[in-house]
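Please read the following note with the sequence and the model open beside it. It is arranged as numbered points that may be checked one at a time.

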Amino acid sequence: VDEELVLEAAREAKLEVTDAEVERAITEVRKQNKLSEEQFAEALKMQGSSPDKYRKEVRVQLLRLRAVNMMVGPRVQVTDKQVKEQYDRLLGEASATAEVNVRHILIRLPENPDAQDIADAQRRAGELIARARAGENFVTLAKNNSEDLQTKEDGGALGWFKRGELPSEWEDILFAMSENEVRGPVRGPTGFHAFQVTKTKTHGSRPFKEAQAQIRRQLELEAREKYTHTWLEELRKKAHVEIKL
C-alpha cells in the first residue's frame, strides 16, 4: 500500500525517471557484482526475472527515491548543536569499559551445602581476597588455592569478555572494576569466586572534527526515516485504503 501511495504522489508531482538514469543504475549494480551483461541476464533468469522486468523494477525504485527526496528532504534539518550533542553522547559510551580480562579463584561448595558449608567457603574466599589486596600475587594464590581444575594451573585465567557475555550479576561487578582490582566473594552456581580484572578495553574515539561529518550523515538518515514514516501516514490519511481479507 505504501509503495502505491508513494508512486501516486510521484505521479501527482509529475516526477519522471529517464531511460539513461535507469541504465546508469543497472550498470552500477553490474559493476559492483563484477558481472558482464550476459552474466547479469543469466543471474536474473535464475531468479525468475529478466532484464526488461528488472528495468521496470529499477525505474520504480528510482521514482520512489526521487519522491521521498523531494517530499521529505526539505523537512530534514540537522543542526550543529544536535551533531555536537550526539558526539558527546558517543564519547561517553566510548569511555565506558567494553571488554575485561578476568582471573578468578573458586572455592567450591558441596552439592547440598548447609549453612556452615556456605559460611566456611565464603570465609576462605574472603581470606584469599584480603591476601591479594595486601599485595600477594593473584596468579600464585589461584594456583595454590583455586578449586577450578580447568583454570588453576593458568593462574585462574578466564580470558576476555564483552558486555552481554557474562551473567548480569557478574557483569555489573566486573565492568565496574579497574585494572588489577580484586573483588568478592561472589556467589556462583558452584561456589564463591574471587575476581581480578587484569586488563580493560574501551571503544576508541575520534576528535570531533574528524567524526562530525559521519555523525551528521547518520542523524540525517535517522531523521529521513522518521519523516518518511510521518509522510506515509499523511498519505494514508488522504487516501481511501480498502483492505480485503
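The points below treat the basis of the model, then the sheet, then the helices and the cores.

1. Basis of the model. This is a predicted model, in which local features need pLDDT of at least 70 and side-chain atom pairs count only at pLDDT 80 or more, whereas totals for chains, interfaces and linings use all residues. Residues are numbered from 1 along each chain as its sequence is written, and side-chain values use heavy atoms, with hydrogens and water left out.

2. The sheet. Helices (H or I, at least four residues) and strands (E, at least two) are DSSP runs, numbered from the N terminus. Four strands form an open sheet in the order 2-1-4-3, with antiparallel pairing. Two strands are said to pair if DSSP finds at least two bridges between them. Strand 2 and strand 3 are the edge strands, each pairing on one side only. On average, neighbouring strands of this sheet are turned by 30° against each other, direction ignored; angles run from 0 to 180 degrees between N-to-C directions, and axes are lines fitted to C-alpha atoms, for helices over the stretch in contact.

3. Pairing of strand 1. Strands of a sheet pair through backbone hydrogen bonds, either parallel or antiparallel. Strand 1 (residues 97–108) pairs with strand 4 (residues 191–202) in the antiparallel sense over 11 bridges, and 5 bridges join strand 1 to strand 2, again antiparallel. V100 has T200 as its bridge partner in strand 4 and F161 as its bridge partner in strand 2. V102 stands opposite V197 in strand 4.

4. Buried means under 20% relative accessible area, exposed over 50%, and partly exposed in between (1.4 Å probe, protein chains only).

5. Strand 3 and strand 4. Strand 3 (residues 181–187) and strand 4 are antiparallel partners over 5 bridges, and they form a hairpin with 3 residues between them. Within this pair, R183 stands opposite F195 in strand 4.

6. A buried serine. S146 is placed in the loop between helix 7 (138–145) and strand 2 (157–162). Is S146 buried or exposed? S146 is buried, with a relative accessible area of 2%. Leaving aside residues up to four places away in sequence, S146 touches H104, I105, L106, L141 and K152; contact means heavy atoms within 4.5 Å.

7. Helix 2 and helix 4. The axes of these helices come within 10 Å and cross at roughly 105°. Helix 2 and helix 4 are therefore roughly perpendicular to each other (angles under 35 degrees count as roughly parallel, over 145 as roughly antiparallel, 65 to 115 as roughly perpendicular and the rest as oblique). The contact divides into 7 nonpolar, no polar and 6 charged residues. Here Ala, Val, Leu, Ile, Met, Phe, Trp, Tyr, Cys and Pro count as nonpolar, Asp, Glu, Lys and Arg as charged, and the others, Gly among them, as polar.

8. Helix 4 and helix 9. Helix 4 (residues 51–72) and helix 9 (residues 208–238) pack at an angle of about 95°, their axes lying 10 Å apart. In this contact, A67, V68, N69, M71 and V72 of helix 4 meet R224, Y227, T228 and W231 of helix 9. By class, there are 6 nonpolar, 2 polar and 1 charged residues.

9. The cores. A nonpolar core is a set of buried Ala, Val, Leu, Ile, Met, Phe, Trp, Tyr and Cys residues joined through side-chain atoms within 4.5 Å. The largest has 22 residues, and those with the most contacts inside it are I26, Y54, L63, A67, W231 and L235. Helix 4 gives the most to this core, with 6 residues. I26 touches F40, Y54, R55 and V58, residues up to four places away in sequence not being counted. A second, separate core of 14 residues includes I107, F138, V182 and F192.
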